[in-house]
Amino acid sequence: MDAIETDQLTLRNFRQGDAIDLLAYLHQPRASCFFSLQLEDLGAAETEVETRSKSDEHIAVCLRSSGRLIGDLFCILEHPDTYAIGWNFNAQFGGAGLATEAARALFEYLFSVKHARRLYAYVEEDNYASQRLCARLGMRREGLFKEFTSFKQDDEGAPVFENTMQFAILRKEWAG
Ligand SMILES: CC(C)(COP(=O)(O)OP(=O)(O)OC[C@H]1O[C@@H](n2cnc3c(N)ncnc32)[C@H](O)[C@@H]1OP(=O)(O)O)[C@@H](O)C(=O)NCCC(=O)NCCS
């Protein structure tokens, strides 16, 4: 993808050199849905960056001022015109509106350049920061799926199922 510039951010493909910053927030993922992406060390981060760099599904979010990678967005096409979207940011840069600024730019890109009709996100029921982000972006809460999926196991090795909310927004809602 071509890089997207906002007031404070650059959205671009992952590239060599991002590994240290990616490791900083994927060494201990905060959200259960990213537990499986946990990176052990810099070598693992470099491999992950290499994989991500080949895809437009993973978007690196960087500060324009320093170039530093502070988080990422994903957008996965479900043919013909729906995208599953999500976000994961370094907590060090939270609480300043940067995830909102990045996601707004991604939404505008998907609706206007990629001709998306519908965007949706899954959010765990206890992930209030992500739910607030969805609300700031104008996404509607469409449903709550009880014991929808499992990202972890209990002490006996049995899956722990979580309740998952779905949020979505249509192009005509974004335009409105
Ligand atoms: C979800 C996540 C991206 C939200 O991050 P965030 O820091 O709350 O979001 P933003 O960067 O947009 O910041 C918005 C917050 O900053 C506050 N803020 C402070 N100064 C601000 C400013 N100048 N401009 C805008 N917002 C500002 C807002 O009020 C808001 O806080 P609130 O939600 O308590 O009302 C982040 O928690 C995260 O990456 N979590 C781990 C991964 C994750 O959970 N992913 C989602 C899985 S479903």
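Mentor: We will take the sheet, then the core, then the ligand.

Trainee: What should I know about the model and its numbering?
Mentor: This is a predicted model, in which local features need pLDDT of at least 70 and side-chain atom pairs count only at pLDDT 80 or more, while totals for chains, interfaces and linings use all residues. Residues are numbered from 1 along each chain as its sequence is written.

Trainee: OK, how many strands form the sheet, and in what order?
Mentor: There are 8 strands in an open sheet with mixed pairing, and their order is 1-2-3-4-5-6-8-7. Strands (E, at least two residues) and helices (H or I, at least four residues) are DSSP runs numbered from the N terminus, and two strands pair if DSSP finds at least two bridges between them.

Trainee: Which strands stand at the edges?
Mentor: Strand 1 (4–5) and strand 7 (140–153) do; each has a single partner strand, so one side of each is left without a neighbour in the sheet.

Trainee: And what does strand 3 pair with?
Mentor: Strand 3 (residues 58–63) pairs with strand 2 (residues 9–13) in the antiparallel sense over 5 bridges, and there I59 of strand 3 stands opposite N13. Strand 3 also runs antiparallel to strand 4 (residues 69–78), joined by 5 bridges, with V61 opposite G71. The hairpin of strand 3 and strand 4 has 5 residues between the strands, and in this hairpin G67 takes a positive phi near 85 degrees.

Trainee: Switching topic, which residues touch the most others in the largest nonpolar core?
Mentor: That core has 38 residues, and V61, L73, A102, L106 and L110 touch the most other members. Helix 3 (residues 98–112) gives the largest share, 8 residues. A nonpolar core is a set of buried Ala, Val, Leu, Ile, Met, Phe, Trp, Tyr and Cys residues joined through C-beta atoms within 7 Å, where buried means that 20 or more other C-beta atoms lie within 10 Å of the residue's own.

Trainee: Last one, which residues are closest to the ligand?
Mentor: Of the 21 residues that surround the ligand, the closest are A31, G94, G97, A99 and T100; a residue is near if its C-beta atom, placed from the backbone, lies within 6 Å. Strand 5 (82–89), helix 3, strand 6 (118–124) and helix 4 (128–136) each give two or more residues to this shell.

Terms used: A residue is buried if 20 or more other C-beta atoms lie within 10 Å of its own, exposed if 12 or fewer, and partly exposed in between; C-beta atoms are placed from the backbone.
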